[in-house]
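This report covers one protein chain, described from its coordinates. Please read it alongside the sequence and the structure shown here.

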Amino acid sequence: RRHLLSLATFTPWEYNTVLQTANSFREVLSRRTKKVPTLQGQLVTTLFFEASTRTRSSFELAAKRLSADTLNFTPGSSSLSKGETILDTAKTYLAMGTDIMVIRHQQAGVPQAIAQEMDRLQTQVRVLNAGDGHHEHPSQGLLDLFTLCTALDAQKPQLEVLRGKKIAIVGDIAHSRVARSNLWSLVASGAEVHLAGPPTLLPLAFKDFVKDFVTPAPDPGNPGSTLPVQVHWALEPALVDADFVMTLRLQQERMGQHLLPSGREYHQHYGITRDRLRVCNPQVKILHPGPVNRGVELSSEVMDDPALSLVPHQVTSGVAVRMALLYLLGSGR
Ligand code: CP
């Protein structure tokens, strides 16, 4: 695998390789020096055509912890405004000696198009998708997986620890690249996945989309057996006995002018509050990829409760996981 563009074709071996490598880098990050010479001399360029706080900063920090050089492209102050194309922008950074490009764009497919161009030019450049439109956000999917697995087994995080765990993904599924990447990894883990959201954000057509992720178990003798992904418009069935609740941001920028439901309406019916969590496993943990709209997807009492919220752990995990990804791609593995 030269590039990381999607989790759709990831194998259990690849998930576990990323988890184990990230766990080693977590140990490195706990040391005083926090730095290894692994990617010394390599150039990592972040090309973010869409806003980011966590992903861009943690890729930059991960590259620095691996001793790589870094360049950050930001569209506002770039020659895009003078008519330069995205591909020519990427080729400009190629000409400066970039080894790894980390790309975010509001349109699905842009990292894939740049990867294709880099391959057509027979370069050695690796491309990492840092979020393309509503399509995928694979590094977020992997850091969420690492966060879930370390919550269950801090010493040896591996895919298998999620088998049989009930995981609810709640919110704006329709516009969420995070949900798509998470679906690939969670289904591969054998977790029982429940999606919940309002009809406008979880359209019926999504039931067909979900079928792409699942192979019904060949179990004709058990009419009660269910697909590993279930879709609900009501919140409570998804929350009952849930071990983890992954909440998603209302992506207003992808919804047009008229928000349905409004933030207030959404919170009233789908917002995660302490009271709503009473039906979950008593040890339930909450995740959110960020940025969070407080009082919309999550109440502050949930978000700020360290016994409930894994949100800060997700951000911390992001550095170790992105070190693993840069290391594995940078060393040709
Ligand atoms: N989770 C995530 O992608 O956050 P940013 O948009 O801040 O990078």
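Methionine 101 stands opposite valine 127 in S4, and isoleucine 100 stands opposite arginine 126 in S4. These pairs belong to strand S3 (residues 100–105) and S4, which run parallel over five bridges; helices (H or I, at least four residues) and strands (E, at least two) are DSSP runs numbered from the N terminus, and two strands pair if DSSP finds at least two bridges between them. From S3 the chain passes through helix H4 (residues 110–120) to S4, a right-handed β-α-β crossover. Right-handed means that, with the strands pointing away from the viewer, the path from the first strand over the helix to the second runs clockwise.

The model is predicted: local features need pLDDT of at least 70, side-chain atom pairs count only at pLDDT 80 or more, and totals for chains, interfaces and linings use all residues. Residues are numbered from 1 along each chain as its sequence is written.

S3 and S4 are part of an open sheet of four strands in the order S2-S1-S3-S4, with parallel pairing. Its edge strands are strand S2 (69–73) and S4, each of which pairs on one side only. Neighbouring strands in this sheet are turned by 15° against each other on average, direction ignored. H4 packs on the sheet, where H4 touches S3 and S4, and its direction makes about 165° with that of S4. Axes are lines fitted to C-alpha atoms, for helices over the stretch in contact, and angles run from 0 to 180 degrees between N-to-C directions. Strand S4 (residues 126–132) is largely enclosed by the rest of the structure, because seven of its seven residues are buried. A residue is buried if 20 or more other C-beta atoms lie within 10 Å of its own, exposed if 12 or fewer, and partly exposed in between, with C-beta atoms placed from the backbone.

An unreviewed UniProt entry places the feature "binding site" at Lys82, Arg177 and Arg249. These positions span 168 residues of sequence and are also spread in space, up to 33.2 Å between C-alpha atoms. UniProt positions follow the numbering used here, feature names are shortened, and annotations may be inferred rather than shown by experiment.

| Residue | C-beta neighbours inside 10 Å | Class |
|---|---|---|
| Arginine 177 | 25 | buried |
| Arginine 249 | 20 | buried |
| Aspartate 241 | 11 | exposed |

Arginine 177 lies in helix H6 (residues 177–189). Leaving aside neighbours within four places in sequence, arginine 177 is in contact with Gly131, Asp132, Gly133, His134, His135, Glu136 and His137; contact means that the C-beta atoms, placed from the backbone, lie within 7 Å. Arginine 249 sits in the loop between strand S8 (244–247) and helix H9 (263–270). With the same exclusion of residues up to four places away, arginine 249 touches Asp172, Pro291, Val292, Asn293 and Glu297.

Aspartate 241 is in the loop between helix H8 (236–239) and S8. Residues up to four places away aside, aspartate 241 touches Lys166, Cys280 and Asn281. Its C-alpha atom is separated by 53 Å from that of glycine 83, 158 residues apart along the chain.

Overall, the protein has eleven helices and nine strands. The C-alpha atoms fill a box of roughly 55 × 45 × 45 Å along the principal axes. Buried residues make up 45% of the 333 residues. Among contacts between residues at least 6 apart in sequence, 82% join residues at least 24 apart.

How values were computed
Two residues are in contact if their C-beta atoms, placed from the backbone, lie within 7 Å.
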